[in-house]
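Please examine the sequence and the structure shown here before reading on.

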Amino acid sequence: IETDGLSFPKTNFVCSPKDAYFGKTEETDVKDSVGRTAARSVIPYPPGVPILFPGEQITEQTANYLIKRNTEKVKVI
């Protein structure tokens, strides 16, 4: 899927959404989040659809997409 010339990044679940959501979280800069696991959904606008769900690993492609969408911080476990 592509929007505004940016392809949605592919992600993989590395733990259950429940474990990620209720795990010990911290907020970090997107650029420092590569390799970490999302603890909350990340929904930049536009396009206004979730890019990350709790439990998904943040890849370099995902971080770059979020940075281009002006997302600065994410909650991770």
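Helices (H or I, at least four residues) and strands (E, at least two) are DSSP runs, numbered from the N terminus. The model is predicted, so local features need pLDDT of at least 70 and side-chain atom pairs count only at pLDDT 80 or more, while totals for chains, interfaces and linings use all residues. Residues are numbered from 1 along each chain as its sequence is written, and side-chain values use heavy atoms, with hydrogens and water left out.

Helix α2 is followed by asparagine 70, which has a positive phi, near 65°. Buried means under 20% relative accessible area, exposed over 50%, and partly exposed in between (1.4 Å probe, protein chains only). In α2, Thr62, Ala63, Tyr65 and Leu66 are buried. Seen down the axis of α2, these buried residues fall within an arc of 160°, so they line one face of the helix; the arc is that of the directions from the helix axis to the C-beta atoms. Glu60, Gln61 and Lys68 are exposed on the other side of α2.

Accessibility values for three further residues follow.

| Residue | Relative accessibility | Class |
|---|---|---|
| Threonine 37 | 11% | buried |
| Tyrosine 21 | 38% | partly exposed |
| Phenylalanine 22 | 67% | exposed |

Threonine 37 lies in the loop between β3 (26–29) and α2 (60–68). Leaving aside residues up to four places away in sequence, threonine 37 touches several residues, including Val14, Gly55 and Lys75; contact means heavy atoms within 4.5 Å.

The charged end of arginine 40 sits over the ring of tyrosine 21, 4.0 Å from its centre. Such a charge has NZ of Lys or CZ of Arg within 6 Å of the ring centre and within 35 degrees of the ring normal.
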